[in-house]
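Subject: Model handover

Hello,

Here is the structure you were to receive.

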Amino acid sequence: MREKHKLSIPEEREYSPSSTIPNSLPRGSWLITGGAGFIGCNLIKRLLADGVPYIRVLDNLSVGARKDLNRVCNSSEIEISSLVTPVTGDRRRSTEHRGGLSRLTMADQFSSGGFHTSSPVHLTVGDIRDASVCLHAAKDMDVIVHLAASTGVAPSVENPRLDMEINVVGTLNMLEAARENGTNRFIFASSGATIGECQPPIHEELVPHPVSPYGASKLAGEGYCSAYYHTFGRETVCLRFGNVYGPLSSHKSSVIAKFIRQALAGEVCEIHGDGDQTRDFIYVEDLVDAVVKAAGSDVAGETFQIATNKEHTVNEVVRILSNQLQTKAGCALLTTNIGSRVGDVRRNFSNTSKALRLLNWRPQVRLDEGISRTLDWFLTNGQKEEVVSAILGDLEQ
Ligand SMILES: NC(=O)c1ccc[n+]([C@@H]2O[C@H](COP(=O)([O-])OP(=O)(O)OC[C@H]3O[C@@H](n4cnc5c(N)ncnc54)[C@H](O)[C@@H]3O)[C@@H](O)[C@H]2O)c1
């Protein structure tokens, strides 16, 4: 049953979590689109640690790579054609029937060696713009976490149509695949960019006015998730992520990952505008915890801000990073200011009290601690060649 959310904002931000919230991890089969990417790999790491028996990744490897996935698991690859087409007529199984049957089917196939592999993670290389690929990939899945996307404001300004095709058509394809295969739980990676320029904190009751094509395409995805909940009964949950940072982000062009890469390579870091623009930076493990809690709750048809309630300027991030780079790596962080980016908002942070109340979720990791862990990861795992090729990749964009 859908619980109507009533928000009192912004003075009283701290709610006590409800004691009745079920947050049990669904142990069935998970499909993670975009699973070879930054958040996907962190999610897989967490799910494996929690004992999820089967994970299927659908990714076209346009950004994420096999080697990224291999950092967190021993995945094996399966062809999309080897996944059997859903049977017409029995496709839209009832909620009650599907939950138990599907889980057993996948667990049985896996434990009986039906997939001829010892790895619980299967990579399927395919594109979410292809409806039949999505339909096949979602077969027998209990939970879909839809992360695959054209990410970020800049690429969407450069090519709004491509952004739309991946983020809107791709999301519709995944929702259709969920409907056709009888998958109930559908977690959609949305973004604070849906709201656009407004007086923060952002919260779920604000009327969205996206500034960038990226914000518009994510908002469209939220709209379809809502429609598939109300019309087709899919248990969709939209999570509007803040600015996510953390380990396994060596390919990202977000500010923390990019500045660490550039500083370690002796490059000058470019700050867009005066650096006093604010963002809500969330550590990836906290974010992944929100995804897991959303998947395990019985809340559906809802949207949540998933961030930290804290506003930090880019200049603050630079200060923290600069100190830590000096201490941990004896390395200076050199910066220069360049023009502001089209489509970027000035201030951005979120009120996350709804997520606390309905999902029993709150972030745990402070910014300085999160940056410290991220820097440690780069220092330990960031291969020099990767750092250099990532920087060359940025220059080519
Ligand atoms: N990282 C953040 O700060 C942030 C903030 C807000 C929202 N999000 C959203 O979270 C999700 C994951 O972000 P991320 O940071 O892990 O990004 P990422 O780029 O690291 O991962 C995205 C993955 O999707 C895959 N992909 C892209 N287009 C595809 C397509 N057409 N078909 C199949 N796979 C495709 C890429 O190869 C990549 O592995 C995205 O939906 C993004 O919009 C991220």
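The notes below cover the chain, the sheet and the ligand.

This is a predicted model, in which local features need pLDDT of at least 70, side-chain atom pairs count only at pLDDT 80 or more, and totals for chains, interfaces and linings use all residues. Residues are numbered from 1 along each chain as its sequence is written.

The protein chain has 13 helices and 14 strands (DSSP runs numbered from the N terminus: H or I of at least four residues for helices, E of at least two for strands). Of its 397 residues, 46% are buried (20 or more other C-beta atoms within 10 Å of a residue's own, with C-beta atoms placed from the backbone).

Eight strands form an open sheet with parallel pairing, in the order β3-β4-β2-β1-β5-β6-β7-β12; two strands pair if DSSP finds at least two bridges between them. β3 (76-77) and β12 (302-306) are at the edges with a single partner strand each, so one side of each has no neighbour in the sheet. Strand β7 (residues 235-241) runs parallel to β12 and is joined to it by five bridges; C238 has T303 in β12 as its bridge partner.

Around the ligand there are 27 residues, of which G34, G37, I39, G64 and A149 come nearest (a residue is near if its C-beta atom, placed from the backbone, lies within 6 Å of the molecule). α1 gives the most to this shell, with three residues.

Regards

Note on methods. Buried ≥ 20, exposed ≤ 12 C-beta atoms within 10 Å, placed from the backbone.
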